Amino acid sequence: MSHSHGGMDMDMGSSSSSSHDSMHMSVFNNDMMTALYSEVWTPSTPGAYAGTIIFLIFLSALFRVLLAAKAMAEARWLDAEMKRRYVVVQGKLPVSEQISRDDLSKRMTLTENGVEEDVFVVQRTRQIYRPFRLSVDPLRALFDTIITGVGYLLMLAVMTVNVGYFLAVLGGTFLGTLLVGRYYSAPGEH
């Protein structure tokens, strides 16, 4: 039974063990001369391969350090924003009066160490968006750009399907998380 497929004749009736072997795909390889990022970066000696592995461990750990640094910067920016003073414009109600007139706010008494204080508990009805800040937003964008770039470089290293490169990325991730993982716990970031 012969079929023509795109100008090639394929004999579908016969199958041999050699054609079955050529269809077997290996998931990982352990070739020391696997190119990383370009043909120029192809280790040709065991020392060059070890250097490439060390670089990937460092890059993976750096990825985790960048995630921790961004989380710490975000916390610092939020603290600064919460401490920022706002000016009440003439003719507008102060926030305290707006809250007291709001039907979603409830007046309660807060007691701590024997001291009582009257407070308002307010329910937020809509999402509050932070304003653009020239001192914060370009740095946030730079952090995200660098983190994305390093993440893609690590992905490309793993996509070479070299087992050494793969284990180096995992090892660097472990090392980086061990060193700075306590400084960030943002769900959804990886």
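Modeller: A nonpolar patch is built from residues that have over 30% relative accessible area and no salt bridge, and their nonpolar side chains are joined within 5 Å. The model examined here is predicted. In this model, Tyr 37, Trp 41, Tyr 152, Leu 153, Met 155, Leu 156 and Met 159 together make a nonpolar surface patch of about 660 Å².

Two of these residues may be described further. Trp 41 sits in the loop between helix H1 (17-23) and H2. Its relative accessible area is 32%, so Trp 41 counts as partly exposed. Tyr 37 is also placed in the loop between H1 and H2, and with a relative accessible area of 32% Tyr 37 is partly exposed as well. The backbone of Tyr 37 deserves attention, for its phi is near 70 degrees, a positive value in a residue other than glycine. Most residues other than glycine have a negative phi. A positive phi is also found at Val 161, where the value is near 55 degrees. Val 161 belongs to the loop between H4 and H5 and, at 32% relative accessibility, is partly exposed.

The account now turns to H4 itself. Helix H4 comprises 22 residues, 137-158, which at 1.5 Å a residue should span 32 Å; the C-alpha atoms at its ends are 32 Å apart, so the two values agree. Its buried residues are Asp 137, Ile 147, Val 150, Leu 154 and Ala 157. Helix H2 (46-83) and helix H5 (163-180) are among the parts that cover them.

H5 can be examined in the same manner. Its 18 residues should span 26 Å at 1.5 Å a residue, and the distance of 26 Å between its end C-alpha atoms agrees with this. Gly 164, Tyr 165, Ala 168, Val 169, Gly 172, Gly 176 and Val 180 are buried in H5. Viewed down the helix axis, these buried residues fall within an arc of 135 degrees, and therefore they line one face of H5. Leu 167, Phe 174 and Leu 178, on the other side of H5, are exposed. The cover over the buried residues of H5 includes H2 and H4.

Charged side chains complete the picture. The whole structure holds 4 salt bridges. One of them pairs Glu 74 with Lys 70, at 3.6 Å from N to O; these two residues are 4 apart in helix H2, so about one helical turn separates them. Lys 70 is buried, its relative accessible area being 11%. Lys 70 also meets Asp 144 in a salt bridge, at 3.5 Å from N to O. Because Asp 144 lies in helix H4 and Lys 70 in helix H2, this pair ties together parts that are 74 residues apart in sequence. Asp 144 is partly exposed, with a relative accessible area of 35%.

Asp 137 is buried at 18% relative accessible area, whereas Arg 140 is partly exposed at 21%. Through shared partners, salt bridges join Lys 70, Glu 74, Asp 137, Arg 140 and Asp 144 into one network.

Notes:
Residues numbered from 1 in each chain as written. Predicted model: local features only at pLDDT ≥ 70, side-chain atom pairs only at ≥ 80, totals over all residues. Heavy atoms only, no water. Expected span 1.5 Å × (residues − 1). Buried < 20%, exposed > 50% of the residue type's maximum accessible area, 1.4 Å probe, protein only. Contact = heavy atoms within 4.5 Å. Patch = residues over 30% accessible without salt bridge, like charges linked within 9 Å, V, L, I, M, F, W, Y side chains within 5 Å. Areas by Shrake-Rupley, 256 points an atom, 1.4 Å probe, with all protein chains shown as cover. Arc of directions from axis to C-beta.
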